[in-house]
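Work through the exercises below with the structure in view. Try each task before you read its solution.

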Amino acid sequence: QVREAGGLHVIGTERHESRRVDNQLRGRAGRQGDPGTTRFFLSLEDNLLRIFGGDRVAGLMNAFRVEEDMPIESGMLTRSLEGAQKKVETYYYDIRKQVFEYDEVMNNQRKAVYAERRRVLEGRELKAQVVGYGERTMDDIVEAYVNPDLPPEEWDLDRLVAKVQEFVYLLEDLKPEQLRGLSMEELKAFLQEQLRNAYDIKEGQIEQQRPGLMREAERFFILQQIDTLWREHLQAMDALRESVGLRGYGQKDPLIEYKNEGYDMFLEMMTQMRRNVIYSMFMFQPAQASVGTIQPESL
């Protein structure tokens with residue numbers, strides 16, 4: 001009976017911001033090849049028309065003294081509506097694209113952190129991983145206290161040795177005199193070797209308590225630091241995202257600023273994680289009832 005009557009007739013009382021939604025409504029009138037028709041009744045006070053040109057049409061109607069209840073059918077008006085819908089769709093597309101680009105920054109950082117965490121959970125070469133943290137920490141200390149632009153006689157080796165001993169108490173016998181005459185690269189290599197030797201000594205002490213305890217401690221401290229610092233980093237990145245938009249007033253691209261500062265913050269987080277882990281491993285004393293993580297001073 002519906003087919004004989006000409007099919008379903010769909011009446012729309014307004015146009016949606018998205019053409020896709022309007023087309024879905026039109027599609028109800030002709031499902032699977034059935035006949036049907038659609039018709040939209042609009043008002044110049046609808047949001048879409050009011051924002052995109054409704055005032056101009058209303059002005060023309062007043063100029064030509066058109067009655068308020070007189071229906072208007074115009075191809076120009078239809079094209080104007082479609083143009084308005086395109087503008088709205090483009091606007092929302094740009095917003096989604098910007099959100100995606102911001103999220104992509106965090107997604108890349110998340111992949112790096114989760115890859116590090118997964119490697120720890122799988123227990124792959126935990127000792128080599130922690131020793132690598134220690135070697136990079138020694139490099140950071142050398143770069144912080146040795147200025148390659150100054151002659152070696154002016155390098156502050158006393159403070160350098162004190163900072164090394166703060167992280168690795170087993171190197172308490174290390175003297176500044178042992179470092180004199182070494183270049184910057186030789187200093188790094190020497191301290192890395194000293195750290196590896198100290199770590200072997202520490203491992204021997206811990207393994208005497210219970211075999212396998214050293215690997216458990218490495219896993220615990222790495223996961224603890226990753227989880228704690230990653231949560232803090234997420235909060236810091238959210239705060240950065242909220243504040244970086246104001247830099248557009250300074251003729252700076254907020255997205256570029258977010259990427260650059262976010263990358264620097266991520267590197268700082270990973271550096272802090274490495275330092276905390278190597279510090280905690282050397283301070284680890286299994287005889288204690290509970291083991292806490294003491295934060296070393298910044299370099």
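**Exercise 1: The core**

Task: find the largest nonpolar core and say which residues have the most contacts inside it.

Solution. The largest nonpolar core holds 56 residues, and Leu160 and Leu191 have the most contacts inside it. Next, list the elements that give two or more residues to this core: α4, α5 (126-145), α6 (157-167), α7 (184-209), α8 (213-244) and α9 (254-283). The largest share, twelve residues, comes from α8. A nonpolar core is a set of buried Ala, Val, Leu, Ile, Met, Phe, Trp, Tyr and Cys residues joined through side-chain atoms within 4.5 Å. Buried means under 20% relative accessible area, exposed over 50%, and partly exposed in between (1.4 Å probe, protein chains only). Helices (H or I, at least four residues) and strands (E, at least two) are DSSP runs, numbered from the N terminus.

Two notes on the numbers. Residues are counted from 1 along each chain as its sequence is written, and side-chain values use heavy atoms, without hydrogens and water. The model is predicted: local features need pLDDT of at least 70, side-chain atom pairs count only at pLDDT 80 or more, and totals for chains, interfaces and linings use all residues.

**Exercise 2: Around Leu160**

Task: which residues is Leu160 in contact with, leaving aside neighbours within four places in sequence?

Solution. Contact means heavy atoms within 4.5 Å. Leu160 then touches Ile141, Val142, Tyr145, Val146, Leu179 and Leu191.

**Exercise 3: Glu257**

Task: is Glu257 buried or exposed?

Solution. Locate Glu257 in helix α9. Its relative accessibility is 18%, so Glu257 counts as buried. Now look for its contacts. Not counting residues up to four places away in sequence, Glu257 touches Val244, Arg247 and Lys252.

**Exercise 4: Ring pairs**

Task: how many aromatic pairs are there, and why is the pair of Phe167 and Tyr279 edge-to-face?

Solution. Start with the rule. Rings of Phe, Tyr and Trp (its six-membered ring) pair if their centres lie within 6.5 Å; planes under 30 degrees apart are stacked, over 60 edge-to-face, and the rest tilted. The count comes to five aromatic pairs. For Phe167 and Tyr279, the centres are 6.1 Å apart and the planes stand at 85 degrees, so the pair is edge-to-face. This pair links distant parts of the chain: Phe167 is in helix α6 and Tyr279 in helix α9, 112 residues apart. Both Phe167 and Tyr279 are buried.

Now take Phe220 and Phe221. Their centres are 5.3 Å apart and their planes at 70 degrees, so this pair is edge-to-face. Phe220 is partly exposed at 44%, whereas Phe221 is buried at 1%.
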